Amino acid sequence: MKTYKIACIPGDGIGQEVVPAGQTVLAALAAAGSGFKFDFENFGWGGDWFRAHGEMMPAAGLDALRDKDAILFGSAGDPHIPDHITLWGLRLKICQGFDQYANVRPTRILPGIDAPLKRCQPADLDWVIVRENSEGEYSGVGGRVHQGQPIEAATDLSMMTRAGVERIMRYAFRLAQSRPRKLLTVVTKSNAQRHAMVMWDEIALQISKEFPDVQWDKELVDAATARMVNRPASLDTLVATNLHADILSDLAAALAGSLGIAPTANIDPERRYPSMFEPIHGSAFDIMGKGLANPVGTFWSCVMLLEHLGELDAARLLMQVIEQVTADPALHTRDLGGSASTQQVTQAVCERIAAAPAGRH
Ligand code: IPM
Ligand code: MG
């Protein structure tokens, strides 16, 4: 039987609650006769590790992950450690170290979820945002001089490379092509940013020629926010730079009803390294340790993990079960206006997996 090696990195805050919940659900799928099993290895990296060792993860940490089939990640962020240290010392170290250049963020309004857009049907909102995940505004290029002096200066350079833009555009066009509507919106800001974003637009046009069956358009990022609210059904797949997509994906998650539901995949499409799957919500220290965290974002991330492993039947079953669970208001956590606990939602998902007719998935 195929055994998948999965690295689990709960990280900080509610990551420590939702990642074990994700492991429980993956183990339940394996136990339900899906034809594979998991070999989990846990890594206690994050804020506590930083306090003990002075770094968010060991210097050789990437080597411990390298031969895994996938990584399940919780969150990195700690109120007592500057955010740029927690981010760059753990999550970005893995994303960049393993060249996970495609960040994929699906958004849908799941059954039973009360979403804020009152003028549209739930089915109108079915998007995948492809976020460039290796360069742009997050390239880490910049500097700070004369600290504390009146002449202090600082820069964060948004760096775009032709290779980096070509590969994310190709990924996005291919993903759009695989979806029923074959529709891609290239998000840009080439009116104001007249160098890199102009190259971004030119490369989009160039790559579009490889995908004659994909219908595509361009939208400025500010206009894209309004379009997401006013004409959600006019969008399907979107591709945007690292920072633009960071912002748009929070808007997307909120429009779909809760940040607690939204999943992410950090993918190395060439499969040279393990890809990493995580909920979008972050560490949420205000609710940590109370059993209030919504595990659905992690479960949906597990669906993406299974898809990446090629376990499409198990992925489909888990997504069906997630939708059954969100459809029941008694199983809504506090972010959705309910009072169910992380544990109750996890158990409900596991019970439904166990009850699914064998062989049907
Ligand atoms: C995300 C998050 C991160 C980001 C934070 C935690 C730094 O907002 O994954 O969208 O900006 O990339
Ligand atoms: Mg974000």
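Burial comes first. The protein chain has 361 residues, and 53% of them count as buried. Keep in mind that this is a predicted model.

What does the surface look like in numbers? The protein chain exposes about 15,500 Å².

Now the overall dimensions. Along the principal axes, the C-alpha atoms fill a box of roughly 60 × 50 × 40 Å. The radius of gyration is 20 Å. For 361 residues, a compact globule would come out near 21 Å, so the chain agrees with that expectation.

Secondary structure next. I have 11 helices and 12 strands in the protein chain. And the contacts? Take those between residues at least 6 apart in sequence: 76% of them join residues at least 24 apart.

Let's zoom in on one residue, R179.

Is R179 buried or exposed? Buried. Its relative accessible area is 16%, and the cut-off for buried is under 20%, so R179 qualifies.

Which residues does R179 touch, leaving out those up to four places away in sequence? There are D126, W127 and V128, and then D236 and T237. A polar atom of the R179 side chain lies 3.1 Å from the backbone oxygen of D126.

On to the ligand. What surrounds ligand 1? The shell is L87, R91, R105, R131, Y138 and D246. By class, that shell divides into 2 nonpolar residues, no polar ones and 4 charged.

For R131, an N or O atom of the side chain is 2.8 Å from a ligand oxygen. For R91, the distance from a polar side-chain atom to an oxygen of ligand 1 is 3.2 Å. How much of the ligand does the protein cover? On its own, ligand 1 has 320 Å² of accessible area, and the protein covers 71% of that.

To recap the two close-ups. Questions, please.

Conventions: Residues numbered from 1 in each chain as written. Chains lettered and ligands numbered in written order. Predicted model: local features only at pLDDT ≥ 70, side-chain atom pairs only at ≥ 80, totals over all residues. Heavy atoms only, no water. Near = heavy atom within 4 Å. Polar contact = N/O pair within 3.5 Å; in protein donor to acceptor, adjacent residues only side chain to side chain. Areas by Shrake-Rupley, 256 points an atom, 1.4 Å probe, with all protein chains shown as cover. Nonpolar A, V, L, I, M, F, W, Y, C, P; charged D, E, K, R; others polar. Helix = DSSP H or I, 4+ residues; strand = E, 2+ residues; numbered from the N terminus. Rg over C-alpha atoms; globule rule 2.2 N^0.38 Å. Buried < 20%, exposed > 50% of the residue type's maximum accessible area, 1.4 Å probe, protein only. Contact = heavy atoms within 4.5 Å.
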